[in-house]
Amino acid sequence: MRQDLTLAGLSALHAFDHAKSSLPAPGRYRELTHHPDSQRNKPPAPVHFAMSPAPPQPILRPHPRPCISSFSSPRRTRPSPRARPCRLAAAREMPWPHVLTVAGSDSGAGAGIQADLKACAALGAYCSTVITAVTAQNTAGVHGVHLVPEEFIREQLNSVLSDMSVDVVKTGMLPSAGIIQILCESLRKFPVKALVVDPVMVSTSGDSLSDPSTLTNYRDELFAMADIVTPNVKEASKLLGGVSLHTVSDMRDAAASIYKFGPRYVLVKGGDMPDLSEAIDVFYDGKEFVELRGHRIKTRNTHGTGCTLASSIAAELAKGSTMLHAVQVAKNYVESALHHSKDLIIGNGPQGPFEAQVSSIQYWLTAKLQSR
């Protein structure tokens, strides 16, 4: 591996570790945000949950001195054939967090399945995929969409869920009502620990990614099975019949309305609200509102941030985090990724956060170093 790439990975992980280390202990969240049901007629005061300070500039660390291994030195004798099966058996017995993403493919790799894979890898979770659609898109927009036949999507779901130990399912682009129905049937047949629903309807460039008929299936079927739903303000408006969302108070009302469709938690994302000086998301569990506040990063590279956030939440849930803690870690990760890729230029339009790619490399390197 080239040394410059390794240094880039080290600096990216340093930024993510800094953001993650600033989180308060998970046990404090409810103490900070408790609003008894008896006070529900009185709008609860929002909790201003401050994000971490601005992510630091990358710090280049010296490349660690490599250890002598069978991969780096021909002098090291390779393990005997008798020893190798024992090591493989031990690896198979180790629990590994596993996220299945059900979404569309983005040929530009900024969003969709590609963003999910990168985010999960960066956060230390295995990610399998079920592809619902193949898009022809780049940084300028979506130029074509080819839907995968519904019965083949069912076959993909059965293949993964019947054989592999999936902890969390994360959904993205579900372009037809039939696909949503097949997904619900598959999850009833093969239950998982958690379901993260990102109701992707319109791309960052404004292109429609789902049929209008899917709104009913989202609200009546999928949301009732979801552990968390993560719409942005535009998607929340569509789900609620076109209501206008301009303020944080509007976002809280939307979260409460979407909660009535059945999910255990709702996260309404405010990154698309240009009038807000901060990036504010509203988290709601049916009793309490938490306002998650972060820095608004000035960059055009916001393509795929919703996919990255939802996948990061899924990865943290697969690792055993509580819901609010998973959301906080994911939000910090996306903010750090936006900061470190704000000046990135790939193509003529917006690209997705790039840090996930180098962080995934560094996650592997760090795990190797710690295991020695």
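Biologist: Which side chain meets Asp-167 in a salt bridge?
Modeller: Bear in mind that this is a predicted model. The cut-off for a salt bridge is a side-chain nitrogen within 4 Å of a carboxyl oxygen. The N to O distance here is 3.2 Å, and the partner of Asp-167 is Lys-193.

Biologist: How many residues apart in sequence are the parts that Asp-167 and Lys-193 tie together?
Modeller: Asp-167 lies in the loop between helix 5 (150–163) and strand 5. Lys-193 lies in the loop between helix 6 (177–189) and strand 6 (194–200). The pair therefore ties together parts whose separation in sequence is 26 residues.

Biologist: Which strand holds Lys-170, the partner of Asp-116?
Modeller: The side chains of Asp-116 and Lys-170 form a salt bridge at 3.0 Å, N to O. Asp-116 sits in helix 4 (residues 112–122), so the pair ties together parts 54 residues apart in sequence. Both Asp-116 and Lys-170 are buried. The strand that holds Lys-170 is strand 5 (residues 168–173).

Biologist: How many salt bridges does a search of the whole structure find?
Modeller: Some share partners: Glu-151, Arg-154 and Glu-185 are joined into one network. Over the whole structure, the search finds 10.

Biologist: On to the sheet. What is the handedness of the β-α-β unit made by strand 2, helix 4 and strand 3?
Modeller: Strand 2 (residues 98–106) and strand 3 (residues 126–138) run parallel, joined by eight bridges. One of the partner pairs is Ser-105 with Val-134 in strand 3. With helix 4, these strands make a unit that is right-handed.

Biologist: How many residues does the hairpin from strand 3 to strand 4 pass through?
Modeller: Strand 3 pairs with strand 4 (residues 141–147) in the antiparallel sense, over six bridges. Thr-135 stands opposite Val-145 in strand 4. The hairpin joins the strands through two residues.

Note on methods. Residues numbered from 1 in each chain as written. Predicted model: local features only at pLDDT ≥ 70, side-chain atom pairs only at ≥ 80, totals over all residues. Heavy atoms only, no water. Helix = DSSP H or I, 4+ residues; strand = E, 2+ residues; numbered from the N terminus. Buried < 20%, exposed > 50% of the residue type's maximum accessible area, 1.4 Å probe, protein only. Pairing = 2+ DSSP bridges. Right-handed = clockwise from strand over helix to strand, strands pointing away.
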